[in-house]
Amino acid sequence: THNPNTNTQKPKLQRKPEFQNGCKSLLSKYLTDDVFQQLNGVQDKFGYSLAELINSGVVNQNSSIGVYAGSPDTYTTFAPLMNQIIQEYHGYDPADLHKSDWDVSKCNFQPLEDKYCMSTRIRFARNLADFPLGTKITKEQRRQVESLAKEAFQKFEGELVGNYHSLANMDKQTQKQLIEEHYLFKEGDKYLEAAGLNRDWPDGRGIFINNSKTFLIWVNEEDQFRVISMQKGGDIKAVFNRLSNAHTIINKVAKFAYNDHLGAIATCPTNIGTGLRASIHVKLPLLSKDMDTFQKIAEKNHVQIRGIHGEHSESEGGIFDISNKRRIGFSEVELVHDMYNGVKEMIEKEKELE
Ligand code: ADP
Ligand code: CIR
């Protein structure tokens, strides 16, 4: 059941929404009375309002962030709120400039042990310039994005060659299997729902899969594109190398929303900049019994701990998704190193406990 109207909020709220006791979202922290007064009633260049920007965090009080942008311009128009969220999450200042570096030869690490590392995945998020983001996009525009993508997929060569599968044409069993195997996005995320990102579902959504199932592109989920490289085991360099090649090719055919300060524009402020999340599914049955120590190692290395079926999911069999937390202020090479350092220290600790 997807509400088709979740993103058509009234442009001006009558009063500041309430946040429950114990609500820890960055939205609840930074939507002060002053910021609310200043931004209530304001709309960005695509007509996106404060009400739309914050609806997910108001409806879902257990959000960690609580906002989704409506267009590249949301970040500028709503800067008094967005800058503070970005500052706290990434440690990135309004005057900072985005860095990018995809030079795989600068990765000075060896593959991590397959005994602990089940699989490695690195993705980056992108959205097209000149379109609103998925929160505000129309059905027609979403279809346009999908058509442009399908055209571009035809031009892939070598290892990247594969097929596009539209979600609307996919049978339920295939969909379920692709989700379980960690290839495909889930359906019905309540955070995305409240931000209007599930409107017209499954229209315009789909997944490109290369022939060896090591290179994927999600189309029109939270971001218009999630470009993904993944394979079994802990050979981060191989996964990063494939993604780096794909990045070069894709940038030749698409014009993405981008600026020198924010880097690549993403729907969620956690994904701006590189849009890069490098993760390993790591087996840590002993370390994870001591969540305190586990968390401390994570924080020290700027990595995030997620469950095995993605964000907001649980672990299974002591396996966790460990990934770089920051996506901006550091280059792709540096962020992959964050993930590597975190996982390496966690494996070392696990060995001590064996
Ligand atoms: P993202 O932020 O990249 O969109 P999610 O947390 O929503 O990621 O996870 C998307 C999917 O990718 C989930 O099915 C998750 O289990 C899978 N995934 C993430 N990291 C890995 C990994 N290292 N190996 C295999 N699957 C992974
Ligand atoms: C939250 O605030 O908890 C959700 N809106 C998710 C935030 C970060 N994750 C994401 O963008 N995938």
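Mentor: Start with E222, which has a polar side-chain atom 3.0 Å from an oxygen atom of ligand 2. A polar contact here is a pair of N or O atoms within 3.5 Å; within protein, one must be able to donate a hydrogen and the other to accept it, and residues adjacent in sequence count only if both atoms are side-chain atoms. The protein covers 95% of the 340 Å² of accessible area that ligand 2 has on its own. Such areas come from the Shrake-Rupley method with a 1.4 Å probe, and for residues only the protein chains shown count as cover.

Before going on, note that this is a predicted model, in which local features need pLDDT of at least 70 and side-chain atom pairs count only at pLDDT 80 or more, while totals for chains, interfaces and linings use all residues. Residues are numbered from 1 along each chain as its sequence is written, chains are lettered from A and ligands numbered from 1 in the order in which they are written, and side-chain values use heavy atoms, with hydrogens and water left out.

An oxygen atom of the ligand lies 2.7 Å from a backbone N or O atom of S64. A nitrogen atom of ligand 2 is 2.7 Å from an N or O atom in the side chain of Y68. The residues around ligand 2, meaning those with a heavy atom within 4 Å of it, include S63, I65, G66, Y191, C268, T270, N271, E311 and H312.

Contact means heavy atoms within 4.5 Å. Y75 is placed in helix 4 (residues 74-77); helices (H or I, at least four residues) and strands (E, at least two) are DSSP runs numbered from the N terminus. With a relative accessible area of 3%, Y75 is buried, where buried means under 20%, exposed over 50% and partly exposed in between (1.4 Å probe, protein chains only).

H98 is in the loop between helix 5 and strand 1. At 14% relative accessibility, H98 is buried, and its contacts beyond four places in sequence include Y92, Y258, H261 and I328.

Now the rings. The whole structure holds 13 aromatic pairs. Rings of Phe, Tyr and Trp (its six-membered ring) pair if their centres lie within 6.5 Å; planes under 30 degrees apart count as stacked, over 60 as edge-to-face and the rest as tilted. One of the pairs is W102 with F124, edge-to-face at 5.6 Å centre to centre and 70° between the planes. W102 is in the loop between helix 5 (79-90) and strand 1 (117-126), and F124 is in strand 1, 22 residues apart. W102 is buried at 12%, and F124 is buried at 1%.

F153 and F208 form a tilted pair, 4.8 Å centre to centre with 40° between the planes. F153 lies in helix 6 (residues 139-153) and F208 in strand 3 (residues 206-210), so this pair ties together parts 55 residues apart in sequence. F153 is buried at 9% relative accessibility, and F208 is buried at 0%.
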